[in-house]
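Hi,

Here is the structure I said I'd pass along. Have a look first, and my notes follow below.

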Amino acid sequence: MFTRYAIFYTLPPCPLAEFGAAWLGWDIALAKRVGHPDMDGLDISSITQAPRKYGLHGTIKPPFQLAEGTSEQELKNALALLFQDLQPVMLDRLKLTTLGRFLALVPLGDVVELNNLAAKVVKTLDGFRAPLTESEYARRCGANLSPAQKENLRNWGYPHVMDAFKFHITLTGKLDKVTLSKVILALDPVITPMIPQPFVINSLTLVAERTDGMFIALDRYPLGVSEPKANA
């Protein structure tokens, strides 16, 4: 039924979650397409084409295929056990900024607890990840990766984990400088007032990739609580 799974941070119902779904054109919680807002003549559909399939999220454990001999239910059971022992993380706030050629919301202030949380999730659940084949590793191991990132790719199936992890909520694909400036000017005054301060991560979500490439939320797991909430 699903091609890959991942652990994302997804927002609970709130103005930012509603706006983010419309901005990207995909509501990951409701598993449906959403109409874009009309903003200053921006071609939002084109601007958000690349991140649309993932929905509004921050990656904690990147997408992976299930390892042979494991099942979705076993993954869910492991998540329930893991997340009841993990505690919520409080961030000062999120800020709209550029990451290379795309726009994202990134945390300001101390992120040590968040980085530790992500590392523990990646490590603990790695047994559910099908290892990369040599051809997959070679295809993903580009010249732009550092030696540490290549090692992460080999060990964990993704380069930007562990010490290379940087939490972010992606809002656009790669844009040219002129378009980036236009989007920042239009988006910042709209989205910034919606961002809670402080920004608390008190749950994580199991998501899955459908055969059409779109990701949907399966279950939301409150951190420090034993029972997940269905249809995050």
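The protein has eight helices and 12 strands, taken as DSSP runs numbered from the N terminus (helices H or I, at least four residues; strands E, at least two). Its radius of gyration is 17 Å, close to the 17 Å from the globule rule for 232 residues, so it's as compact as a globular protein of that length; the radius is over C-alpha atoms, and the rule is 2.2 Å times the number of residues to the power 0.38.

Before going on: this is a predicted model, with local features needing pLDDT of at least 70 and side-chain atom pairs pLDDT 80 or more, while totals for chains, interfaces and linings use all residues. Residues are numbered from 1 along each chain as its sequence is written, and side-chain values use heavy atoms, without hydrogens or water.

Of the 232 residues, 47% count as buried (under 20% relative accessible area, 1.4 Å probe, protein chains only). For contacts (heavy atoms within 4.5 Å), residues 24 or more positions apart make up 70% of those with a separation of 6 or more.

The bit I looked at closely is helix H4, residues 72-83: 12 residues reaching 16 Å from first C-alpha to last, close to the 16 Å expected at 1.5 Å a residue (that is, 1.5 Å times one less than the number of residues). Leu75, Lys76, Leu79, Ala80, Leu82 and Phe83 are buried in H4. Down the H4 axis they fall within an arc of 170°, so they line one face of the helix; the arc uses directions from the axis to the C-beta atoms. Their cover includes strands S1 (2-9), S4 (58-64), S10 (203-210) and S11 (215-222), plus helix H5 (112-124).

Cheers

Key:
Buried means under 20% relative accessible area, exposed over 50%, partly exposed in between (1.4 Å probe, protein chains only).
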